[in-house]
Amino acid sequence: MTSVLKFLPAATLAVGLALSAAPAVAQQAAPAQPKAAAPAQPKSTPAAIAAAKEILQIKNANAMYAGAVPGLVEKTKIALTQQNLNYQKDLNEVAPIVAQQLAGRQNEIGQGMAEIYASEFTEQELKDLVTFYKSPLGQKLIAAEPRAIGLSMAFMNSWAQNFAETVMGAFRAEMRKRGKEI
């Protein structure tokens, strides 16, 4: 059981990473703070949360986490199967039952995201964002941003590979000055 509990945070982290990597809602991450030092979030108004939900709906954010429950059920089943090979048949039969029992819980992610947006932006800012995302430019941003982010990531990876060769060359040159070949 202990090793299953070790697996679950990793699975949760994997889902979190998958969600945070989705281009449609790519945001700059705030610096990590220890939990004890995290400041209390101001209480958001229902209107701010509603506007945040509207933004997330416009940006189709639910597509990012729609498969979270079945995905975590499957990953947990795999981990349990690896630890309990003799229960494989039972675990395969139990997985759909667990998935059905927990169906819809992914909506908690959307609620949490809306509350986070509502705590980071004022109600008016959220309403202005709704207006923007409904505008032609906002719609273009929603449509073009995933491709722009993907191309940007590909460019950064290519640049890093090329620059690594430059750095390696600089190291070799400096080491040669010291009479050492690397």
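In this predicted model, the axes of helix H2 (residues 46–58) and helix H7 (residues 123–134) come within 9 Å and cross at roughly 25°. Axes here are lines fitted to C-alpha atoms, for helices over the stretch in contact, with angles running from 0 to 180 degrees between N-to-C directions; helices are DSSP runs of H or I with at least four residues, numbered from the N terminus. H2 and H7 are therefore roughly parallel to each other (angles under 35 degrees). On the H2 side, the contact (heavy atoms within 4.5 Å) is made by Ala-47, Ala-48, Ala-51, Ala-52, Glu-54, Ile-55 and Ile-58, while H7 brings in Glu-123, Leu-126, Lys-127, Leu-129, Val-130, Tyr-133 and Lys-134. Sorted by class, that makes 10 nonpolar, no polar and four charged residues, with Ala, Val, Leu, Ile, Met, Phe, Trp, Tyr, Cys and Pro taken as nonpolar, Asp, Glu, Lys and Arg as charged, and the others, Gly among them, as polar.

Residues are numbered from 1 along each chain as its sequence is written. Local features need pLDDT of at least 70, side-chain atom pairs count only at pLDDT 80 or more, and totals for chains, interfaces and linings use all residues, with side-chain values based on heavy atoms and hydrogens and water left out.

Next comes H6 (residues 107–120), whose 14 residues reach 20 Å from first C-alpha to last. That is close to the 20 Å expected at 1.5 Å a residue, the expected span being 1.5 Å times one less than the number of residues. Gly-110, Met-113, Ala-114, Tyr-117, Ala-118 and Ser-119 of H6 are buried (under 20% relative accessible area, 1.4 Å probe, protein chains only). The buried residues of H6 pack against H2, helix H3 (62–65) and H7.

Lys-77 sits in helix H4 (residues 68–83) and, at 16% relative accessibility, counts as buried. Leaving aside residues up to four places away in sequence, Lys-77 touches Leu-91, Asn-92 and Ala-95.

Note on methods:
Helices (H or I, at least four residues) and strands (E, at least two) are DSSP runs, numbered from the N terminus. Angles under 35 degrees count as roughly parallel, over 145 as roughly antiparallel, 65 to 115 as roughly perpendicular and the rest as oblique. Buried means under 20% relative accessible area, exposed over 50%, partly exposed in between (1.4 Å probe, protein chains only).
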